[in-house]
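Below are some notes for a colleague who has not looked at this structure before. They are in numbered points and can be read with the model open.

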Amino acid sequence: VLPLSQIPVWTPSAGQTTGETCYQVNEVLNSKISLFRGDITKLEVDAIVNAANKTLLGGGGVDGSIHRGAGPLLKKECATLGGCDTGQAKITGAYGLPAKYVIHTVGPIAQGVVGDREREELRNCYRNCLDTATQNQLRTVAFPCISTGVYGYPPDKAVDVALTVVREYLEKHPAQLDRVIFCVFLKSDEDLYQDRLPRYFPHA
Ligand code: ADP
């Protein structure tokens with residue numbers, strides 16, 4: 001189990017440039033971002049996000065891990081929710097997990113092809129999860145790479161959606177959230193986030 005105090009705030013690696021950024025340096029926002037590679041079910045944060053499917057009754061990938069870690073009471077609560085549409089978010093308890101809540105969202109099924117619709121749906125996932133967190137007075141949220149596994153959203157496109165929405169949300173709601181953790185599982189995703197984070201969260 002990893003408490004928040006053991007999840008470091010992200011800083012650019014030595015020599016990393018921020019040349020392509022279209023955002024201003026904002027050290028307060030920068031201090032709210034973490035990049036963590038590992039199992040999201042180990043994080044002791046207010047909410048972890050689940051990349052679920054429309055049934056909310058469990059599946060493979062991160063969804064399977066979350067249900068395994070939480071235990072059968074999670075599925076029982078999920079079964080009362082009537083499913084979830086693509087881009088929407090629903091909150092439940094986290095039961096056997098160290099997090100306080102699970103926010104379930106359903107990403108678009110892209111299978112390698114991204115149009116305006118898929119991009120908007122993925123944006124909605126991040127935005128609705130952040131809204132759900134703040135509406136429930138939650139201050140620390142961890143996201144997996146929604147839709148980039150079985151749902152086939154190209155990771156190098158998904159990262160820009162994730163970082164754009166989070167940057168803009170934190171700017172718009174400066175007092176609501178203390179930490180947003182991008183919880184990547186694959187080394188390739190860690191590299192992608194390391195590469196792109198300086199564009200969205202440039203350091204001075
Ligand atoms: P989707 O169906 O939305 O594509 P997946 O679970 O198949 O969801 O994949 C989403 C991302 O979650 C992938 O990057 C995958 O590597 C990652 N992942 C799988 N297991 C875990 C876990 N335990 N913690 C964090 N991320 C995970």
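1. In which loop is Gly96 found? Gly96 sits in the loop between β5 and β6. The model is a predicted one, and every point below should be read with that in mind. Not counting residues up to four places away in sequence, Gly96 touches Gly69, Ala70 and Gly71. Leu73 is 23 residues from Gly96 in sequence, and the two C-alpha atoms are 8.8 Å apart.

2. The UniProt record, an unreviewed entry, annotates residues 20-201 as "domain: Macro". Over that range the chain is 40% helix and 19% strand.

3. For Val141, the contacts beyond four places in sequence are Val45, Asp46, Ala47, Val49, Cys129, Leu130, Ala133, Leu177 and Val180.

4. Helix α5 has 18 residues, which should span 26 Å at 1.5 Å a residue; the end C-alpha atoms are 26 Å apart, so the two values agree. Its buried residues are Ala158, Val159, Val161, Ala162, Leu163, Val165, Val166, Arg167, Tyr169 and Leu170. Among the elements covering them are α1 (27-30), α4, β7, β8 (179-184) and α6 (187-200).

5. Helix α4 (residues 116-135) has 20 residues, and the distance from its first C-alpha to its last is 28 Å, close to the expected 28 Å. Buried in α4 are Glu118, Glu121, Leu122, Asn124, Cys125, Tyr126, Cys129, Leu130, Thr132 and Ala133. An α-helix has 3.6 residues a turn, so residues three or four places apart point the same way. The cover over the buried residues of α4 includes β4 (47-52), β5 (89-93), β6 (101-106), β7 (140-143) and α5.

6. Which residues are closest to the ligand? They are Ala51, Gly61, Gly149, Tyr151 and Phe185, out of 21 residues that surround the ligand. By class, this shell holds 11 nonpolar, seven polar and three charged residues. Helix α2 (residues 61-70) gives the most to the shell, with four residues.

7. Some backbone angles deserve a look. Most residues other than glycine have a negative phi. Gln111, which is not a glycine, has a positive phi of about 45°, and Ser147 has a positive phi near 75°. Just after α4, Gln137 also takes a positive phi, of about 60°.

8. Is Ser147 buried or exposed? Ser147 lies in the loop between β7 and α5 and is buried, because 28 other C-beta atoms lie within 10 Å and 20 or more are enough. Gln111, in the loop between β6 and α4, is exposed, because 11 other C-beta atoms lie within 10 Å and the limit for exposed is 12 or fewer.

How values were computed:
Residues numbered from 1 in each chain as written. Predicted model: local features only at pLDDT ≥ 70, side-chain atom pairs only at ≥ 80, totals over all residues. Contact = placed C-beta atoms within 7 Å. Near = placed C-beta within 6 Å. Helix = DSSP H or I, 4+ residues; strand = E, 2+ residues; numbered from the N terminus. Nonpolar A, V, L, I, M, F, W, Y, C, P; charged D, E, K, R; others polar. Expected span 1.5 Å × (residues − 1). UniProt positions renumbered as here; feature names shortened; annotations may be inferred.
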